[in-house]
Amino acid sequence: LCVSKQFVQGWCSIIEAVAGVLFDLRLPTVAAVETRLGATAESDAVAQAGGKVQHALDAMVSEATESELFWDGYGFKNEYDMPPVFEEYDMLPKHPFDDDWTLLRYKLLGQVGTVPMGPF
């Protein structure tokens, strides 16, 4: 597998576009990210190699669902390892859809089955 410098730069520009949409407090849907990304030589290189915004969003959701980074950042193995009183975590807002990764994937990528799950 040969990956060009332009492909890597394009992939980075997709991730930056996702971050920009999130910083605007909007949901990073495929359309929102593609609009923010615009047409660049780097994004064209990613597309020519078969890469898509959908791949980046799928990777982001997959990483969030399987991530140990959150707990590692707080020094715990998982949510069950944390002490009963953990004020900073407990102060985070709660939502009925917390941990509903299927709904998040649907909102970002569309109907189940439209975009296959990675790895790509």
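**View 1. Overview of the protein chain.** The protein chain has seven helices and zero strands. The coordinates are those of a predicted model. Along the sequence, the elements of the protein chain follow the pattern α-α-α-α-α-α-α. The protein chain has 120 residues, of which 28% count as buried. Its exposed surface comes to about 8,500 Å², with carbon and sulfur atoms supplying 59% of that area. Among the contacts in the protein chain with a separation of 6 or more, 55% are accounted for by residues 24 or more positions apart.

**View 2. The loop between α1 and α2, at Leu25.** Helix α1 covers residues 5-23, and Leu25 is found in the loop that joins α1 to α2. Leu25 has a positive phi of about 60 degrees, although Leu25 is not a glycine. Most residues other than glycine have a negative phi. The relative accessibility of Leu25 is 79%, and Leu25 therefore counts as exposed, the cut-off for exposed being over 50%.

**View 3. Packing of α1 against α4.** The axes of α1 and α4 come within 10 Å and cross at roughly 65 degrees. The crossing in which α1 passes α4 is right-handed. On the α1 side, the contact is made by Trp11, Ile14, Ile15 and Val18; these meet Val53, His55, Ala56, Leu57 and Met60 in α4. By class, the residues of this contact of α1 with α4 are eight nonpolar, one polar and no charged.

**View 4. His55 in helix α4.** His55 has its place in helix α4. With a relative accessible area of 14%, His55 is buried, because buried means under 20% relative accessible area. His55 is one of the α4 residues in the contact with α1, and Trp11 is one of those on the α1 side. His55 and Trp11 are 44 residues apart in sequence, and their C-alpha atoms are 9.8 Å apart in space.

**View 5. Packing of α2 against α4.** Helix α2 spans residues 30-37 and helix α4 spans residues 53-66; the two pack at an angle of about 120 degrees, with their axes 10 Å apart. At this angle α2 and α4 are therefore oblique to each other. Their crossing is right-handed. From α2, the residues Val30, Val33, Glu34 and Leu37 meet Val53, Gln54 and Leu57 in α4. The residues of the contact of α2 with α4 divide into five nonpolar, one polar and one charged.

**View 6. Packing of α4 against α7.** Helix α7 is made up of residues 101-109, and the axes of α4 and α7 come within 10 Å and cross at roughly 165 degrees. The angle makes α4 roughly antiparallel to α7, because angles over 145 degrees count as roughly antiparallel. α4 passes α7 in a right-handed crossing. In α4 the residues in contact are Gln54, Leu57, Asp58, Met60, Val61, Ala64 and Thr65, and in α7 they are Trp101, Leu104, Arg105, Leu108 and Leu109. Sorted by class, the contact of α4 with α7 has eight nonpolar, two polar and two charged residues.

**View 7. Leu57 of α4 and its contacts.** Leu57 belongs to the α4 side of the contact with α1. Leu57 is also among the α4 residues that meet α2, and it is listed for α4 in the contact with α7. Val53 of α4 takes part in the contact with α1 and in the contact with α2. Gln54 of α4 takes part in the contact with α2 and in the contact with α7. Met60 of α4 is in the contact with α1 and in the contact with α7.

Terms used
Residues are numbered from 1 along each chain as its sequence is written. This is a predicted model: local features need pLDDT of at least 70, side-chain atom pairs count only at pLDDT 80 or more; totals for chains, interfaces and linings use all residues. Side-chain values use heavy atoms; hydrogens and water are left out. Axes are lines fitted to C-alpha atoms, for helices over the stretch in contact, and angles run from 0 to 180 degrees between N-to-C directions. Helices (H or I, at least four residues) and strands (E, at least two) are DSSP runs, numbered from the N terminus. Angles under 35 degrees count as roughly parallel, over 145 as roughly antiparallel, 65 to 115 as roughly perpendicular and the rest as oblique. A crossing is left-handed if the near helix is turned anticlockwise from the far one by less than a right angle, and right-handed if clockwise. Contact means heavy atoms within 4.5 Å. Ala, Val, Leu, Ile, Met, Phe, Trp, Tyr, Cys and Pro count as nonpolar, Asp, Glu, Lys and Arg as charged, and the others, Gly among them, as polar. Buried means under 20% relative accessible area, exposed over 50%, partly exposed in between (1.4 Å probe, protein chains only). Accessible areas come from the Shrake-Rupley method with a 1.4 Å probe; for residues, only the protein chains shown count as cover.
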